[in-house]
Amino acid sequence: MPGHTTVRVGPTGSRSGAAAEPAEREQDRPTVTVDPRNHSTVRVDTGKHPTVKLPGQRRPAESRGRAPLPVAAAFATLWAALLSYVPVAAVIGLARTLEGQGGLGGAAHAGLAGWLLGHGVPIGTSIGPLGLAPLLLTLLVGWRLNRAGLHVTRAIGARRSGSPRAAVLVAVTIGVAYGTLGLLAALVVDGRGTDVSPGRAAVHLFLAGLTFSLIGSLRSTDALVVVARRIPQPARHGLRTGVVAALLILVAGAAFAGLSVAVGGGQAADMIGAYRTGVAGQAGITLISLAYGANGAVWAAAYLLGPGFLLGTDSAVRLTELTVGPLPTLPLLAGLPNGPMGASGAALLAVPVLAAMAAGWLLTRRLMGVHHVVDGHLRDNRHPLRPGDPAPAEPAWSLVLGSALLAGPVAGLVLGVLSWLSGGPLGDGRMAEIGPVPWHVGLIATVVVGVSCCIGAAAGRAFRAPVHR
């Protein structure tokens, strides 16, 4: 071709048998670097070369087969129920089987009753209804249902679709499937010394499946981000700060409960040794106490806030009062105080205040340190501004104080609901009332968190170095 140079790669004068040369001589061939600006034509040696088969490319996600929603929801729900039931059956069945109190059938029946109890379904017994749900089991159920919502969303191809409708549809389908499992489980458990309402079991498990799976489906579809963007800024930051404040108070309650049980470790060991059931039975009692450890954390948080909790009718466990009667021999109760707190009680009342102030300070740090408000939108301070973007501005006092003030009702609602879930009866006798009074905890938490968050947020806003424009 005129105006072009032809370059032949490979040894000249090669014959048809050149492909049979050793691999060492193949590697000795020179490498030619062609300047793309030189417009050179390169002729590649067409001698025999080994054929390399490249792996086939994956089909795009759009062309893959999607699972039908009912099938995916049924499988994921059944798997979530199985993974939450097995630990309960193992804990109860171990003690019953090894101690000669029933075979595998009795262990499976008792484990199914305990599994329903973890969903807040009351179990009728000869001493009255048992409605004190172990919150640690409830957390396990919630985690598995959350994962079920996430997996079903992926299976039907709605991941990162940003569709709230798809997320709600997945949650409703899982809720219906989980409620059906609750209905079947109640029909199996009902009788044989345990009375369960099938309708109530179906409703409880439907609500549990709907609520927990909705969280997973919203996260998987990114619909949570879409919904959050539609919420006004003060409400969005108030929701976040209220949840953070409630979690900090719960962490403080868990630390206080754990420390109290550790201090009374000798008494707890004596309680465990009082059960003449052998190693297996004592292990079962210990695991049951651990399952109610989350309840103890909520009760300790109510104790630190001031309302306290009940351990039977006409009882009160508060910082300023301790009135209890005969109690069950459970290691968890070894952490009860010996009497009303004195001067140290006033110091304990400051713990929720400090936790809420920390949540308010974190709110200000988020608004001013990590993100800046620019034209009504949040801008990530970790990335440089582009040319022409407005300079970051400090958030207005109305945004800071409004968000902190809204955190109070949010924290009160969260702690009130948890107080309601953590309580319940243990029969018709004196232990018919156990746990905090939900509206007492919610009201006190609303006031404490609202005021303390405002103080913490205002202090962070006032004493922080201003943003340079």
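Modeller: Let's start with a term: buried means under 20% relative accessible area, exposed over 50% and partly exposed in between, using a 1.4 Å probe and protein chains only. This is a predicted model, in which local features need pLDDT of at least 70 and side-chain atom pairs count only at pLDDT 80 or more, while totals for chains, interfaces and linings use all residues. Residues are numbered from 1 along each chain as its sequence is written, and side-chain values use heavy atoms, with hydrogens and water left out.

Biologist: Thanks! Is Ala359 buried or exposed?

Modeller: Ala359 lies in helix 12, residues 343–370; helices here are DSSP runs of H or I with at least four residues, strands are runs of E with at least two, and both are numbered from the N terminus. The relative accessibility of Ala359 is 2%, so Ala359 counts as buried.

Biologist: How many Å separate the C-alpha atoms of Ala359 and Thr241?

Modeller: Along the chain, Ala359 and Thr241 are 118 residues apart.

Biologist: What is the handedness of the crossing of helix 13 and helix 14?

Modeller: The axes of helix 13 and helix 14 come within 7 Å and cross at roughly 155°, so these two helices are roughly antiparallel to each other. A crossing is left-handed if the near helix is turned anticlockwise from the far one by less than a right angle, and right-handed if clockwise. Helix 5 passes helix 6 in a right-handed crossing. For helix 13 and helix 14, the crossing is right-handed.

Biologist: Let's stay with helix 13. How many Å apart are Gly402 and Ala235, C-alpha to C-alpha?

Modeller: Gly402 sits in helix 13, which spans residues 397–422, and is partly exposed at a relative accessible area of 24%. Gly402 and Ala235 are 167 residues apart in sequence, and their C-alpha to C-alpha distance is 8.2 Å.

Biologist: What is the C-alpha separation of Leu426 and Ile123?

Modeller: Leu426 belongs to the loop between helix 13 and strand 10 (434–435), and at 31% relative accessibility Leu426 counts as partly exposed. Leu426 and Ile123 are 303 residues apart along the chain, with their C-alpha atoms separated by 9.8 Å.

Biologist: Now for the charged pairs. Which residue meets Arg160 in a salt bridge?

Modeller: A salt bridge is a side-chain nitrogen of Lys or Arg within 4 Å of a carboxyl oxygen of Asp or Glu, and the structure holds 2 of them. Arg160 lies in the loop between helix 4 (135–155) and helix 5, and its partner in the loop between helix 6 and helix 7 (223–230), so the pair ties together parts that are 62 residues apart in sequence. Arg160 is exposed at 57% relative accessibility. The N to O distance is 3.4 Å, and the partner is Asp222.

Biologist: What is phi of Asp314 near?

Modeller: Most residues other than glycine have a negative phi. Asp222, partly exposed at 26% relative accessibility, has a positive phi near 65°. Asp314, in the loop between strand 5 (310–311) and strand 6 (316–317), is exposed at 76% relative accessibility. Phi of Asp314 is also positive, near 55°.

Technical notes. Axes are lines fitted to C-alpha atoms, for helices over the stretch in contact, and angles run from 0 to 180 degrees between N-to-C directions. Angles under 35 degrees count as roughly parallel, over 145 as roughly antiparallel, 65 to 115 as roughly perpendicular and the rest as oblique.
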